[in-house]
Each structure stands twice: as structure tokens, then as C-alpha cells.
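Look at the sequence and the model below before reading on.

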Amino acid sequence: MATLERDVTENRGAWDVERIRTDFPVLRQTVNGKPLVYLDNAASSQVPQVVIDRGSVYIEHEHSNIHRGVHYLSQRATTAYEGAREKVKRFINAREARECIFVRGATEGINLVMHGYGRKFVGPGDEIVISALEHHANIVPWQMLCEEKGARLRVIPMNDAGELLLDEYDALLNERTRLVAVTHVSNALGTINPVKRMIERAHTHGVPVLIDGAQSAPHMPVDVQELDCDFFAFSGHKMFAPTGSGIIYGKAELLEKMNPFQGGGDMIKSVTFEKTIYADLPNKFEAGTPAIASQIGLGAAIDYLDSIGREQAAMHEQELLHYATERIAAIQGVRIIGTAREKASVLSFVIEGVHPHDIGTILDQEGIAIRAGHHCAQPVMQRFNLPATARASFAFYNTKGEVDALAETIEKVIEIFS
Ligand SMILES: Cc1ncc(COP(=O)(O)O)c(C=O)c1O
């Protein structure tokens, strides 16, 4: 606790992390008799009270189906749901709200593009370019497409720091390339990819680009018009909103050309047994009853992020990353995996002679939650000849005191196994 107190003093006047922490009820608990230190934010971040409350208001006062009812509750639910879409539009600076399609998360968003765009516009001999840093969510759908269409998956390699080799990327782009799909931030290593430059290069070949923003949207400002990306996917549960919420953004002219993802209610203008006419955007891509409460929660999470100041939050996370990197890299026997010059708040590491699952288990005994495994990025692990890493990932509510607790417990792990 002494370190936590020190941290409050350090942050006073700048980022009042202890004040921010009071917004998150889950952080108040103890785990195994120790204060919870939650460092698994890249998997799922925690939800502030205002977002929880917004979900309760919906369930207590507004619960009903959207778009279909003339009655009071349905109108309230529809207004809240479409209001959340407007918030998302502002959050990523989309040109129009109809370009923001509600999905369950980044995985569903990428699959929507694979089915709606890929299956329509990719054929035999065509190529899809992804990178060596991708999460399985941005590999497997494209592999499935390539298998179905007789197309080829090309992969941008990376160096030992975990940075993509841009000359190799340039060399992969050609007249057969139909899509580039690349992550903004690597969930396994933290690398921030130079996506704006990568998008520019793809566009010189007339190739559209999908950005997997699952790890960037929660931690840095995103402006889809400035990036000029064609698609951008993210998940609500990684950005302080409930599970089941998320977005696939797409430029309207592309979404309009695409096939729907799923068929059903709410995505049609008219249906006869002979022919169905699809609804306009965004409904064309939102078949069936969506996760109304979760998406309204995503809107509330965006309001919350705006209220605390996204830039200050990001600065605090960068400070934590630098502090943690120095503190943990200094421990003998620890090796940091992923040393790119541009990194977001993810710190992957291994300890000589200790399996990452053992690291995770011992940390858990001290109330410290990290992730141990392949992080749904097995090709990244293969690139570094590792079965797994331990990964601490930070949010703006984490403290230097928590980093100290992590470092001290890692030292204990090394002692136990020495
Ligand atoms: C970079 C990246 N892409 C995609 C995903 C998939 O997100 P979800 O499981 O929320 O669909 C994740 C989840 O960890 C991720 O980190």
C-alpha cells in the first residue's frame, strides 16, 4: 500500500488516478486477500459506474425492441440506440453515422467485411495482405476466404523488435491485391503500426484497407477520415463498455456495394418469396435484434472517455508503460518481447526457465491479473520461437504502485524457481 500512496502524491495536479479509480467499482475488491491489481486490459477493460448505470436505466425503464414499435418504450430504446451510433460517429470522426455498423466486437466486424466485401470482390489468384502481427481475428477469416476463392494470403514480415518491414510491404502490393487488413496496435507486443502511411501506399494501388482497431480505439484518438481507412473495427469490452458491443466502420460507398452479412428482420425494405430488397445503411448490416443495452453502454463509455480527457488518459498510460518497461527490464532473467519504438500500453515478457502460466498463477495468488498464453496471436509467438508470453496491459486507472507490485512479484517468481 505504501507504493500506492506514493503514487497518489506523484499524480496530484496532473492525472488524479485515485479519483479516476473510484469510478470503477470492480477495482475496489480484494483477490486472494490482496487488493486487486488489474493488468489484463488488452483482453477486457473494466466498466465505470456511469456505464453500468446507463445499462440499468435501459433495463429498468426502456427495455423493448428498437425500430419496430410505435409505442413509448420502443421509441425511447431506439433513440438511445441511435444516439449511441451518433456518439461513435463523433468518437472516430466518421463522415456519417450510417457508416458505423453495430457488431458484437472486432471479430464480428472483420467477419462482416470478409463475407460482405471479400466473398463478393475476391476471386481466384487474387491476394489479401495481412501482417505478421495479427490477432487470429484478422487472420482466420481471410484464410477461410482464400480457401473458398482460391486466393492467396500474403504476410508482411516484422523485425526482432516487432516492427513491420515496410519495404517488404511495398513489394507485396501489386495488381492482384484486393485488400490490406492490418492491426493498428498489436495485442501481443504493443507495437503501434504506421497505418496512415500503410493506407496511403495501398491506395496508390487502388487497394482498400481494413484497420483492426481493437487495441487502438481504447488508448489513442482515432480519426477515420484523417487515416482515410476504408474499414475500422473495434470492440466495446476493451474500451470500458459491456461485452457484445462494437463497431465496424466502413466508407459508405463501399458498404453500399457490399453484400449483407446476415439475413433476417430489420435488414430489409421488402420481402416476397421471389425477392428481398435490402434496407439502406446501416440497417442492411444489422439483421435481427442487436445487443441494444450493450451498444447504449458503448455510447455511455464514449461519453465517459470524453469527460475524463482522452489525451491525458493516453499520456498516463504511456508514462506507466515507460515506467513498467524500465522497472521490469531491469530484473535479471526477464526478457521483454516486443521492443518497437512506437508502443501502446502492452508489456509482454518471458522469464528464463519459467513457463508464463506459472508466472500468471503466482501473480494471481498476489491478486495481480495478467494474461499468460499466445494471446490469440500464435504466429507472433512462432516468430519469436516461444510457446507463450506473460503480458501486462495497462489502462488509465492503473498506477505506478501497481507496476511496483508487479515487479516485486516477478522478483519473487524468479526466487521461487531459482
Ligand atoms: C488486435 C485484436 N484484434 C481483434 C481482437 C478480437 O476482439 P473480440 O474478441 O472483442 O472480437 C482482439 C482481442 O483481443 C485484439 O486484441
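The model is predicted. Start at Glu108, which belongs to helix 5, the run of residues 106–121. Is Glu108 buried or exposed? Its relative accessibility is 18%, and a residue counts as buried under 20%, so Glu108 is buried. Apart from neighbours within four places in sequence, Glu108 makes contact with Val103 and Phe261.

Next, find the ligand. Which atoms of the protein come up to the ligand? In Asp212, a polar side-chain atom lies 2.5 Å from a nitrogen atom of the ligand. In His237, a polar side-chain atom is 2.6 Å from an oxygen atom of the ligand. Ala106 takes part through its backbone instead: one of its N or O atoms lies 3.4 Å from a ligand oxygen atom. On its own, the ligand has 390 Å² of accessible area, and the protein covers 85% of that. The space that the ligand takes is the second largest pocket.

An α-helix has 3.6 residues a turn, so residues three or four places apart point the same way. After helix 13 comes Gly367, with a positive phi near 80°.

Terms used. Residues are numbered from 1 along each chain as its sequence is written. This is a predicted model: local features need pLDDT of at least 70, side-chain atom pairs count only at pLDDT 80 or more; totals for chains, interfaces and linings use all residues. Side-chain values use heavy atoms; hydrogens and water are left out. Helices (H or I, at least four residues) and strands (E, at least two) are DSSP runs, numbered from the N terminus. Buried means under 20% relative accessible area, exposed over 50%, partly exposed in between (1.4 Å probe, protein chains only). Contact means heavy atoms within 4.5 Å. A polar contact is a pair of N or O atoms within 3.5 Å; within protein, one must be able to donate a hydrogen and the other to accept it, and residues adjacent in sequence count only if both atoms are side-chain atoms. Accessible areas come from the Shrake-Rupley method with a 1.4 Å probe; for residues, only the protein chains shown count as cover. On a 1 Å grid over the protein atoms alone, a cavity is a set of points where a 1.4 Å probe fits but cannot get out, and a pocket is an open set with protein on both sides within 12 Å along at least five of seven lines; lining residues have an atom within 4 Å of a point. A molecule sits in a cavity or pocket if more than half of its atoms lie within 2 Å of its grid points.
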